[in-house]
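Trainee: Could we go through the side-chain contacts together? I would like to begin with the charged pairs.

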Amino acid sequence: MTTIRVRLTLIYSGLFLLTSVVLLVTVNLLLRQALKTRVARLPGGALAPGDRPLRPQLPELVNDVIGYQWEMTTFTVGILTLVSLAVGWLVAGRILRPIHRITATAQRLSLSTLHERIALTGPKDELKELADTFDAMLDRLERSVEGQRRFIANASHELRTPLAVQRAAIEIGLPEDGGEIRGTLLRHNRRAENLIDALLVLAQAENGLDNRSPVALDQTVRLVLAETGSDGVTVTGRAEPFVVDGDPVLLNRLVTNLLDNAVRYNHPGGTVEVTLSCGVLTVRNTGPHVPQERFGDLFEPFRRLHTTPGQGAGLGLSIVAAIAKVHGADVQANPNPGGGLELVVVFAGSEDASPAGGGV
C-alpha cells in the first residue's frame with residue numbers, strides 16, 4: 001500500500017526531476033548553438049599554437065565542451081534528485097504530522113474518553129480547520145452521550161419505582177387465596193420489571209464503559225453456575241483462570257444471559273456444558289433445532305425463535321452481543337448436530353495463574 005507520504009515525496013522529486021531535465025536540455029542546446037555561432041564568426045586565417053590552422057580544430061573542441069557539459073549536468077541532476085527524495089520525505093512527513101495526530105486521537109477515542117480533543121495549534125490552514133471540525137464533532141457527540149446516560153439513569157428510577165409499588169400493592173392488597181388474578185398480576189409485573197432491567201442493561205452496554213477494571217472471568221462463571229437453576233437440565237462447567245479488563249456487573253450479566261438462554265431453551269433431561277479456556281467462553285446446550293436461516297435473528301433485540309409463553313422478551317442474546325462488543329469480544333453461534341446451540345464468546349485478555357482457578 002502506497003502511503004500519502006510516499007506519493008507526496010514522489011511528486012516533489014518528480015517535479016524537480018522534470019524541471020531539471022527541461023533546464024538541462026534547454027541550456028545545453030542553447031550553449032551548443034551559441035558556440036557554433038561564435039566559431040562561424042572567427043577569421044579563417046587564425047592559427048593555433050604550432051602554426052596550424054585553428055578552424056579545423058574548433059568543431060571537435062565544441063563537441064568536447066558540450067559533451068563535458070552533458071556529463072556534469074546529468075551527474076549533478078542525479079545527485080540533486082536523490083537529495084530531493086530525502087528532502088521531500090522530510091517535508092511530506094512534516095506536512096502530514098497533523099494528520100497523524102488526528103488519526104491517533106480518533107483511534108484512541110472511545111465513549112469513556114470523549115473528553116479528549118486534538119487541540120491542534122498553528123496557522124489557520126486546511127489541516128487546522130479539519131482538526132477544529134473534528135473537535136466540534138466530539139463536543140456534539142459527548143453532549144449526546146451524556147444526555148443518553150442521564151436519560152438511562154432517570155428512566156431506571158422512574159420506571160422501576162412504579163412497578164415496585166405495584167408489586168407491593170398486589171402482594172399486600174390481594175390475598176394469597178384470591179385465585180389466578182393475584183398470580184397473573186404478579187407474573188406480568190415481574191415480566192415488566194425484567195423487560196425494563198434488560199432494556200436498561202442493553203442501553204448501558206451500547207453506551208460503552210466508563211470505567212474498566214480487571215475481572216476474574218473464571219470466578220464470574222463459577223458464581224453464575226452456582227446461582228443458575230437447572231429446571232431438570234444438567235449443567236456442568238469448567239473454568240480456567242482468565243482475566244478480562246472490563247465491567248464486572250456487565251460481564252456477570254453476559255454469563256448469566258448465556259446460561260439462562262441455554263437452560264430456558266432446552267428440554268427436560270437435557271444438558272448444558274459451560275467451558276472457559278484461554279479466553280474462550282463456550283456454552284453448549286441440547287434443545288430444539290435452530291434453522292440455519294434464523295441464525296441472523298439470534299442477536300437481534302425482540303427476536304424470539306420460539307413463541308412459547310413465558311420464554312422472555314427476546315433480549316437475552318442481544319444483550320450478550322452488546323456487552324461482548326464493548327469488551328472487544330466476538331460472539332459466534334453454531335448449531336449442534338442433535339439440536340440446540342453452541343454459543344462462543346472470544347475475549348482478548350490475559351491469563352491469570354492464580355491459585356483460585358480450577359475446574360467447576
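Mentor: The side chains of Arg284 and Glu342 meet in a salt bridge, at 2.4 Å from N to O. The pair links distant parts of the chain, with Arg284 in strand E7 (residues 280-285) and Glu342 in strand E9 (residues 341-346), 58 residues apart. This is a predicted model, in which local features need pLDDT of at least 70 and side-chain atom pairs count only at pLDDT 80 or more, whereas totals for chains, interfaces and linings use all residues. Residues are numbered from 1 along each chain as its sequence is written, and side-chain values use heavy atoms, with hydrogens and water left out.

Trainee: What counts as a salt bridge, and what is a strand here?

Mentor: A salt bridge is a side-chain nitrogen of Lys or Arg within 4 Å of a carboxyl oxygen of Asp or Glu. Strands (E, at least two residues) and helices (H or I, at least four) are DSSP runs, numbered from the N terminus.

Trainee: Is Glu342 buried or exposed?

Mentor: Glu342 is buried, with a relative accessible area of 17%. Arg284 counts as partly exposed at 29% relative accessibility. Buried means under 20% relative accessible area, exposed over 50%, and partly exposed in between, with a 1.4 Å probe and protein chains only.

Trainee: How many salt bridges are there by this rule?

Mentor: The count comes to 8 salt bridges. One of them joins Arg238 and Glu240, at 3.2 Å from N to O. Arg238 is partly exposed at 39%, and Glu240 is partly exposed at 29%.

Trainee: Which residues are linked in a network?

Mentor: Salt bridges link Lys124, Lys128 and Asp132 in a network. Between Lys124 and Asp132, the closest N and O atoms are 3.4 Å apart. Lys124 is exposed at 69%, while Asp132 is partly exposed at 27%.

Trainee: Changing topic: what span should helix H6 have?

Mentor: The 17 residues of H6 (residues 248-264) should span 24 Å, and the end C-alpha atoms are 24 Å apart, which agrees. The expected span is 1.5 Å times one less than the number of residues.

Trainee: Which residues of H6 are buried?

Mentor: Among them are Leu250, Leu251, Leu254, Asn257 and Asn261. At the start of H6, a side-chain oxygen of Asp247 reaches to within 3.0 Å of the backbone nitrogen of Val249.

Trainee: Lastly, where does Cys278 lie?

Mentor: Cys278 lies in the loop between strand E6 (271-277) and E7. Cys278 has a positive phi of about 55° although it is not a glycine, and it counts as exposed at 52% relative accessibility.

Definitions and conventions: Polar contact = N/O pair within 3.5 Å; in protein donor to acceptor, adjacent residues only side chain to side chain.
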